[in-house]
Structure formats: C-alpha cells, structure tokens
Amino acid sequence: MTESLRRRAGWRIRFPRWVKPTIFTACLLPFAYLLWAAFANQLGANPAETLIRSTGDWVLRGLCLVLLLTPLSNWIQTPALVSLRRMLGLFVYFYVTLHLISYALFDMGLDLVAIVADVIKRPFITVGMLAFVLLTALAVTSPHAVVRKMGGKRWKQLHRAVYVIAALGVLHFFWMRSGKQNFAEVWLYGLILGALLLIRIPIVARYTRRAAS
Ligand code: HEM
C-alpha cells in the first residue's frame with residue numbers, strides 16, 4: 001500500500017498510540033478487581049470457588065475475543081485489529097495461569113501427587129490441563145524472535161491450535177457444569193465459539209466477506 005493510501009486509511013491500518021495501553025489496562029481490570037475483592041474480603045462465601053470460576057470465565061471470554069479479531073478486521077476492513085491478537089492472547093494465558101494456580105493452591109493445597117491424580121481421574125480437569133499445555137505452546141512461541149526462527153508457515157500451523165483450545169475450553173466447561181444448574185452459559189459460549197470456528201472455513205469466510213462488503 002502506498003504512503004498516501006496508508007495515511008488516508010489512518011487508524012484502520014495502525015491504531016493511535018493510546019489504543020494499546022488502554023486495552024492493556026482494560027485487560028488488567030478483572031485481575032485488579034479480584035485482587036481488591038480478595039484483600040477486602042469480598043469474594044463471597046467460597047473465595048476459592050469464586051477465584052477459580054471467575055478466572056475460568058475470563059479465559060473463555062478472552063478466547064472468544066481473540067478468535068473474533070481476524071474475522072472482524074475483515075468485515076470492517078480494519079487490519080489494525082489483528083495487531084491486538086498477540087496481546088489479547090497473552091492475557092488469555094495470564095488468566096488461565098491464574099485459574100490453574102487458584103485450583104492448585106486452594107483446591108489441592110499445592111499437593112503435586114494429588115493434582116496429577118485429579119488430572120487423571122476427572123475428565124474435565126484432564127481436558128482443562130490439555131488446553132493449558134497447548135496454550136503454553138502458543139504463549140512461548142509468541143515473541144517476534146521465535147516467530148522469525150520458526151518461519152511464518154510453521155508458526156501459523158502451530159497457532160491453529162487455538163481452535164482446539166477453544167473446543168477443549170467449552171468441553172471443560174460443559175463437563176464441569178453437567179448435571180448442575182446454569183447450563184445456558186455453556187450453550188452460549190459453545191454457540192459463540194462454534195460460530196467463530198465456522199466462519200473460518202474458507203467457503204463460509206468468503207461468503208461472509210462478500211455479504212459484509
Ligand atoms: C483453556 C483452558 C481452560 C478454560 C477455558 C477453563 C475455563 C473454565 C470455566 C469457564 C470454568 C467455569 C466457571 C464458572 O463456573 O463460571 C472453569 C472451572 C474450573 N476449572 Fe477451568 N479452564 C481451563 C483450564 C483449567 C485447568 C488447566 C484446570 C486445572 C488443572 C482447571 C480447573 C478448573 C476447576 C477446578 C474449575 C471449577 C470447578 C468447580 O467449581 O466445581 N481449568 N474453568
């Protein structure tokens with residue numbers, strides 16, 4: 001794209017400088033709230049459960065956002081949105097790590113043997129752990145230097161695992177809630193993530209792009 005076109009397209013190509021720090025701060029708000037609630041004794045009757053569930057919810061919400069960025073950037077012709085993927089992806093990893101630490105610390109008392117036994121015994125924990133391992137692979141390969149070292153093609157192939165992670169996340173949530181109340185939320189996340197995966201199928205992507213233009 002020529003410089004004049006680039007200038008005319010303005011923020012659609014590159015966001016103004018304040019956008020990323022603002023989004024970064026917004027992503028820290030759930031963490032800041034949980035920290036405040038923990039110190040102010042506002043985590044409810046079961047603080048451990050509140051911490052585990054609330055961080056788990058933010059992981060799923062973050063995954064939805066990350067998967068929305070690319071189709072949204074195509075629909076509203078704003079390539080700058082794609083530049084937010086790395087930061088949001090790393091926030092997903094931050095919240096899943098908090099989720100795992102809360103579970104390991106408050107549910108399992110940091111007993112490694114008990115944690116391994118639980119991962120083997122309870123399928124919803126097995127699936128969550130698998131998603132965590134895959135997310136770790138994406139997080140460690142996110143720095144630009146690693147992308148260059150791996151080569152764009154291999155990096156892209158690996159990062160397609162985000163779809164598997166989203167599916168495992170919903171399955172984890174489904175298994176965890178099965179037989180309990182409030183199942184509507186599981187369907188909601190399942191539908192949103194299912195739709196986001198569907199629109200990545202080339203023929204569907206072409207159709208939605210044509211419909212949006
Ligand atoms: C991508 C990975 C993961 C996602 C998306 C995820 C998401 C969630 C969600 C949405 C919930 C339910 C929150 C609610 O009820 O509102 C949850 C609960 C939970 N997750 Fe995860 N999770 C992930 C990984 C893990 C891992 C690695 C572990 C531990 C090894 C884990 C352990 C738990 C536990 C113990 C609960 C609470 C169960 C209960 O309260 O009965 N999760 N998770």
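Analyst: Start with the contact pattern of the whole chain. Among contacts between residues at least 6 apart in sequence, 66% join residues at least 24 apart. Keep in mind that this is a predicted model. The protein has 11 helices and 0 strands. Read from the N terminus, the elements therefore run α-α-α-α-α-α-α-α-α-α-α. The C-alpha trace spans about 60 × 40 × 40 Å along its principal axes. Of the 213 residues in the protein, 17% are buried.

Now the pair itself, α4 and α6. Their axes lie 10 Å apart. The packing angle is about 140°. Angles over 145 degrees would count as roughly antiparallel. The two helices are therefore oblique to each other. As for handedness, α4 passes α6 in a left-handed crossing.

Which residues in α4 and α6 meet? On the α4 side they are Gly89, Leu90, Val92, Tyr93, Val96 and Leu100. On the α6 side they are Phe132, Leu135, Leu138 and Ala139. By class, the contact divides into 9 nonpolar residues, 1 polar and no charged. Glycine counts as polar in this scheme, and Gly89 is one of the α4 residues in the contact.

Phe132 lies in helix α6. Leaving aside residues up to four places away in sequence, Phe132 touches Val96 and Leu100. Both of these partners belong to the α4 side of the contact. Is Phe132 buried, exposed or partly exposed? Phe132 has 19 C-beta neighbours inside 10 Å. A residue is buried at 20 or more, so Phe132 counts as partly exposed.

Last, the ligand. There are 23 residues around the ligand. Arg53, Gly56, Gly128, Ala131 and Gly169 come nearest. The shell residues divide into 14 nonpolar, 5 polar and 4 charged. Where does the shell come from, by helix? At least two residues each are supplied by α3 (47–75), α4 (85–107), α6 (123–140) and α9 (161–177). The largest share, 7 residues, comes from α3.

Notes: Residues are numbered from 1 along each chain as its sequence is written. This is a predicted model: local features need pLDDT of at least 70, side-chain atom pairs count only at pLDDT 80 or more; totals for chains, interfaces and linings use all residues. A residue is near a molecule or strand if its C-beta atom, placed from the backbone, lies within 6 Å of it. Helices (H or I, at least four residues) and strands (E, at least two) are DSSP runs, numbered from the N terminus. A residue is buried if 20 or more other C-beta atoms lie within 10 Å of its own, exposed if 12 or fewer, and partly exposed in between; C-beta atoms are placed from the backbone. Two residues are in contact if their C-beta atoms, placed from the backbone, lie within 7 Å. Axes are lines fitted to C-alpha atoms, for helices over the stretch in contact, and angles run from 0 to 180 degrees between N-to-C directions. Angles under 35 degrees count as roughly parallel, over 145 as roughly antiparallel, 65 to 115 as roughly perpendicular and the rest as oblique. A crossing is left-handed if the near helix is turned anticlockwise from the far one by less than a right angle, and right-handed if clockwise.
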